[in-house]
Every structure is written in structure tokens, then in C-alpha cells.
Amino acid sequence: MIIPILVACAVSAYSGGLVGGIPYDVVMMHGLLLYLQSVADLWPTPVLGLGCLIGLCLASLERFCIGRFFHLPRFERKHEEYHQILRMRKVTGNFSSKDHLTESVTYAMLFVVLSIAMIPLERQWKEGIWLGLLLEHAIGQQLRLVVQLPYRYLPEFLHAFHQNIEAYYWHHVLIDSHACCGFSSPFWDSCFGSNPFPQRFRWSTPLPFVDFFFIRYDWEPIREQLASFRVDPDAFKTRMLEKIDPAVDI
Ligand SMILES: [Zn+2]
């Protein structure tokens, strides 16, 4: 069951990182389809559906934990380098192949750890949770591409949603790197005190991306910060580094 996903990660690492001919997101989608095919005999059962919901919530928690992890004092200054890459990507559209490779290898490792953790579970629960996790990973990957690159077409009915995910994602990278750590769902940020928006919890659910359909996040401060970044990227980075505790420079 895990093999199609590992193959998808390996192929995407190869194609995105070394050849650059096949888009990473297309390969991830193929991995998901291969997986769906492999659990077709369990489809549909309530346990699979419940497992899927648990998997979706676990995935949004996973995103939040990863976001918080990189802002531990030990890693924060180094992680700011990555934020600078993201900001440059937003204004230039450059998406280096190294990023594809790093992301693929990281997720392959994460999937191995998760599959070991789920060994004791019965097959239906296991596959349901995997389904939720992988759905979030596949959709989240698409949405990260949407927000990270300068222009990406989305149908008109998704325009408000698009602006909301952009505002939430870029608040972390442009305004306050201790806020909005969980791009997948603001729920965990709200629980742990890192959601700065006054409307937190109004629609909040750990299910990925649901909040962004219902909560309006202000895009204007993000536009101002992006404009300021464009004027002098290095000075912007220096200002962001100054916000990090200089006493913990490792
Ligand atoms: Zn960060």
C-alpha cells in the first residue's frame, strides 16, 4: 500500500529534481490515484470514511507541528533562509529543482515513519487514515504551488478562497513568522495561540482548508509587505532576522 506512494515520491524526485521534465504535482496526483486503486476493494465502508476524516485532521496537525518545529530557536535563523527563497519565488516565479528533491525525500521519510507507526492498526483503519493523509498532501501540494508562485489560474468561484489562503500563508513568511504555522488549517494555530486573526475559531475545524472557504483574511497587509520586499529583498530579510532573538544565534 505504501509502495505506490514511495514510488511516486522517488519518481517525482527524479523527474522534478534531476530531469525537470515532469511536473511534481502531476506525479503526486498519479501516486494518489495509484493508491486509490489499491484500496478499491474496501470502498466504501464507514470505517474507511471515519479513518479518512482522522487522517485529514492528523495531516493538518502534522503541518502545524512541522511549521512550529522549524521555528524552534535552534533552527529559526536558518529557516529564515528558506523564507527568503519563498519570497523570491513569489516575486520571480523561480522554482528550483533542488526544492522538489528536498520535498520528495522529506515526505518519503515521513511516510516511512507513519507507515511503521500504523502497523498495529487493522487494515480498514490504516487505509482510511492513509487516504486522509494523502488527500491532504496532494491537495496541499497543489495549493502551496498556487500561493508560492506569482500567477496560477483558479476558477472564479475559488477567487475568495485563493485570497484567503494567500493571506494566511504569507502572514507567516512576510509579517510574523511565529504566527500562522499551519497553512492546512488555522484550527491548530488557534488552539496553540499562534493565530493572530480576530475571527479565529469562528469556523475553525481541523479538517484541511475548510476555514478558508468561510473566513475572510485581509490580503492588503500582505500586498504592502510584498511591495516592500520587492524594493530591497536583502533589507527585508535583515528586518525579519532582527525580529528573531539574537541571543540564540547558533
Ligand atoms: Zn516558517
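Two residues are in contact if their C-beta atoms, placed from the backbone, lie within 7 Å. In this predicted model, residues 24 or more positions apart account for 71% of the contacts in the protein chain with a separation of 6 or more.

**Overall make-up**

- The protein chain has eleven helices and zero strands.
- Read from the N terminus, its elements follow the order α-α-α-α-α-α-α-α-α-α-α.
- Of the 250 residues in the protein chain, 30% are buried.

**Confidence**

- The protein chain has a mean pLDDT of 83, with 81% of its residues at 70 or more.
- Among its elements, the highest mean pLDDT, 96, belongs to helix α8 (residues 186-191), and the lowest, 51, to helix α1 (residues 3-19).
- Over residues 14-22, pLDDT stays under 50, and the model has 16 contacts beyond four places in sequence for them.
- Where pLDDT is low, predicted coordinates should not be read in detail.

**Helices α4 and α11**

- Helix α4 (residues 73-92) and helix α11 (residues 233-242) have axes that come within 11 Å and cross at roughly 145°.
- The crossing of α4 with α11 is right-handed.
- On the α4 side, R77, E80, H83, Q84, R87 and M88 take part, and they meet P233, K237, M240 and L241 in α11.
- Sorted by class, this contact of α4 with α11 comprises four nonpolar, two polar and four charged residues.

Conventions:
Residues are numbered from 1 along each chain as its sequence is written. This is a predicted model: local features need pLDDT of at least 70, side-chain atom pairs count only at pLDDT 80 or more; totals for chains, interfaces and linings use all residues. pLDDT is the predictor's confidence in each residue, from 0 to 100. Helices (H or I, at least four residues) and strands (E, at least two) are DSSP runs, numbered from the N terminus. Axes are lines fitted to C-alpha atoms, for helices over the stretch in contact, and angles run from 0 to 180 degrees between N-to-C directions. A crossing is left-handed if the near helix is turned anticlockwise from the far one by less than a right angle, and right-handed if clockwise. Ala, Val, Leu, Ile, Met, Phe, Trp, Tyr, Cys and Pro count as nonpolar, Asp, Glu, Lys and Arg as charged, and the others, Gly among them, as polar. A residue is buried if 20 or more other C-beta atoms lie within 10 Å of its own, exposed if 12 or fewer, and partly exposed in between; C-beta atoms are placed from the backbone.
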